[in-house]
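Dear colleague,

Please find the structure below, handed over for your files.

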Amino acid sequence: MHQSDHDIRNRLLIARLPAMPQILIKLIAHLQADDAGMPELAALIAKDAGMTSKILGVANSSAYHRQGKVVSLEQSLVSLGTDMIKTLVISESVFQTFNSFPHSGSTDLRAFWKSSLSAAVMARALAKAMAYPHAEEAYLAGLLHNVGRLALLATAPKEYAFNFTARDDAALCAVEQRTLQITHAEAGAWLIERWHLDSFLADSVLYHHEPLARLEASHPLIRIVRLAHLLCSHADDAESIAQAASLCALDVAALEDLAGSVARQVEQAAQHLGIDLTGADDIVTPPAYAPPAVDPVQQRLSDEVRNMVLVSEVGQTFARQQGESSLLEAITRSARILFDFDTAVILLQNPTGHALVGVAAGEHQQRLAGFSIPLAKGGPLAASALECRQAFLKRDMPALGIVEEQLFRILGTDSLVCVPLVAGQRSLGVLIGGVAAWQIPACQKREGFLRAYANQAATALETAISARGLARRQLDHVAEEYRAASRRVVHEVNNPLSIIKNYLSVLDHKLEKQEPVTGEMSILNEEIDRVGQLISGLADLQPAAASGVTDCARVVDDVLRLFRATDFLPPKIEVVTRMQDAPCEVEADADMLKQILLNLLKNAVEALPDGGRIEVANRGHVNRDRRLYLELCVSDNGAGLAPEVLANLFSPVRSSKEGAHHGLGLSIVHDLVTRLHGVIGCRSSKSGTSFEILLPIPLPAAAAAALPAPGNTALSS
């Protein structure tokens, strides 16, 4: 951030440099994976209308078509062959990108095109001679080896326009480094890294002017591009070419045979791509020289644009911070760097909006932890936050209050820059920077930059504060879910505990008479296991429904046996079952079905305080929404339910029953039926109440796959 204002690296960030076409990025991925067969290439090219047109045009040219025109893309691809297709796709993509660079349209690029094409064709030929497995990668590296020159022209057209046409050698790199603090090789490598291309591509561009002695152990692609550059741009430097050829394990004599072939291929490629190279060799390439001085007005404008980009980059840095504390640290740290603050602190409005309070971030955390400025009392700091305007305070100003004097002492400076943190129309607080008095005029000139920076910081802070509130609400929600789960478990555990208690009395009675107790012991074990399962379920707020096929007639018998053998079923209540005359298998977990029936039968018993009749019936199969269910009905002939009770029947509300947990049972039943992918409904009148449960029946796998997902809406009452 303390680099020279003329540093071109900052301007590269704000120049509108083009992105690499997606078709080329995907093609490179295919090539790197050795998976670029004809079908894949055809599918890739078909997505790009311009590329398809180019392929069709070349395939229909006199060089390829033999018997009539080629009319389809597939025929064109077969006619051209895989190698030519790869060459065309890579070349066209790169030249489309080159033409998208700012100022490229107003510059004679013929020499640049020829240099790039020549290096590409030469690099591919060298790769094949060296048995390098990725010849297309070498071709792409050759095309891109001088892309940094286009980047510098786009970024600094006035400074670099003359040097763009200069001879491409070490002297040019020296001038670029001296005048722009970056060479075209460095700029090209930086751009390729931004395009997320393979890292060795960037390296081959970065080192294509590197002294040959340093490249002995380098990657083959780096050596290939270095030699290709020498052969195409410095053919008169026999000594360097011989040394580079030795690094590539190639004979110099063999390279002479490549030169003529490369020239013919460059001419053919330019013709296919529609690039005019006429007169490219006649363009004069002047020596590099230092650029003229930059216009002050343009420089100020450039500084403003750079500041905007820096703020945007800082905003992205803020967005990557994890947690409010790290964000606050990032804000104060970057403020010190960007604005040369000696120190920086943040005061935020408290939740009530009545005061500015210190936060645990930046410097002087301990002293600021208890620091508070009432907003209603006025003062320059409070006014800066309330009125959303910047303030520049000096220690000798007459209007300062005690809180401002405290801050001067805490920060140990003689001047303060106060920047409100505003997100939208809401003021979150104020960023305070400590500076020397002589720095105040410079800070005042950068008010726009300060405001933009503070807006980015405030937006990130507002997001972090909202996330903190969301996290707190989520924790509260989880806590409430656990409380609800605890209430459900307590309610459900009461049933098996009551059964265990009653069976212990039965067991005591039978033992006294020395009667066998095997059946009772089995039931006690089952109920104790069920208590354990219910308690274990507390750890899972949304337990998954167990699978399996269950005979509901057997479960009904087990539940009624429990009721009859204990005090749960009074003698004056008659229970009738109708289960034997129809199929009884359902796709449900036996324990969950048992829990459902226990709750429904217990409710039915409580609905018949003076005695009555309960019926548990299998009503056969039901087709609902093209899915087959078994309908199980539990009904009583009690007084029925009031309409307001029926309306909220399956909600976890407290009923008028006595006890701490009544009113949860039917809510639990509804949840259990839903987890079994079933449907439950209730009908009630003065002649009684019936609960109708639809449970899915087991189906063959093929039939089940063809059916829609089961619904979960209740039956209408």
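**Findings**

Phe449 counts as buried, at 5% relative accessibility; buried means under 20% relative accessible area, exposed over 50%, and partly exposed in between, with a 1.4 Å probe and protein chains only. The model is a predicted one, in which local features need pLDDT of at least 70 and side-chain atom pairs count only at pLDDT 80 or more, while totals for chains, interfaces and linings use all residues. Residues are numbered from 1 along each chain as its sequence is written, and side-chain values use heavy atoms, with hydrogens and water left out.

**Aromatic residues**

The structure holds 6 aromatic pairs. Rings of Phe, Tyr and Trp (its six-membered ring) pair if their centres lie within 6.5 Å; planes under 30 degrees apart count as stacked, over 60 as edge-to-face and the rest as tilted. One of the pairs is Phe339 with Phe341, tilted at 35° between the planes and 5.6 Å centre to centre. Phe339 is buried, with a relative accessible area of 4%, and Phe341 is buried as well, at 5%. The pair of Phe339 and Phe449 is edge-to-face, because the planes stand at 65° with the ring centres 5.1 Å apart. This pair links distant parts of the chain, 110 residues apart: Phe339 belongs to helix 18 (residues 324-339) and Phe449 to helix 23 (residues 447-512). Helices (H or I, at least four residues) and strands (E, at least two) are DSSP runs, numbered from the N terminus. One aromatic cluster is formed by Phe318, Phe339, Phe341, Phe449 and Tyr453.

An open sheet of 6 strands runs in the order 3-2-1-6-5-4, with antiparallel pairing; two strands pair if DSSP finds at least two bridges between them. Strand 3 (372-374) and strand 4 (391-394) stand at the edges with a single partner strand each, so one side of each has no neighbour in the sheet. Strand 1 (residues 343-349) pairs with strand 6 (residues 426-435) in the antiparallel sense over 6 bridges. Ile432 in strand 6 is the bridge partner of Val345.

**Helices**

Which residues of helix 9 meet helix 10? In helix 9, they are Arg149, Leu150, Leu152, Leu153, Ala154 and Thr155, which meet Pro157, Tyr160, Ala161, Asn163 and Phe164 in helix 10; contact means heavy atoms within 4.5 Å. The axes of helix 9 (residues 147-155) and helix 10 (residues 157-164) come within 6 Å and cross at roughly 145°. Axes are lines fitted to C-alpha atoms, for helices over the stretch in contact, and angles run from 0 to 180 degrees between N-to-C directions. The charged end of Arg149 sits over the ring of Phe164, 5.7 Å from its centre; for this, NZ of Lys or CZ of Arg must be within 6 Å of the ring centre and within 35 degrees of the ring normal.

Helix 8 (residues 135-144) is largely enclosed by the rest of the structure, because 10 of its 10 residues are buried.

**A loop residue**

Ser651 lies in the loop between helix 27 (643-647) and helix 28 (665-675). Ser651 is partly exposed, with a relative accessible area of 30%.

With kind regards
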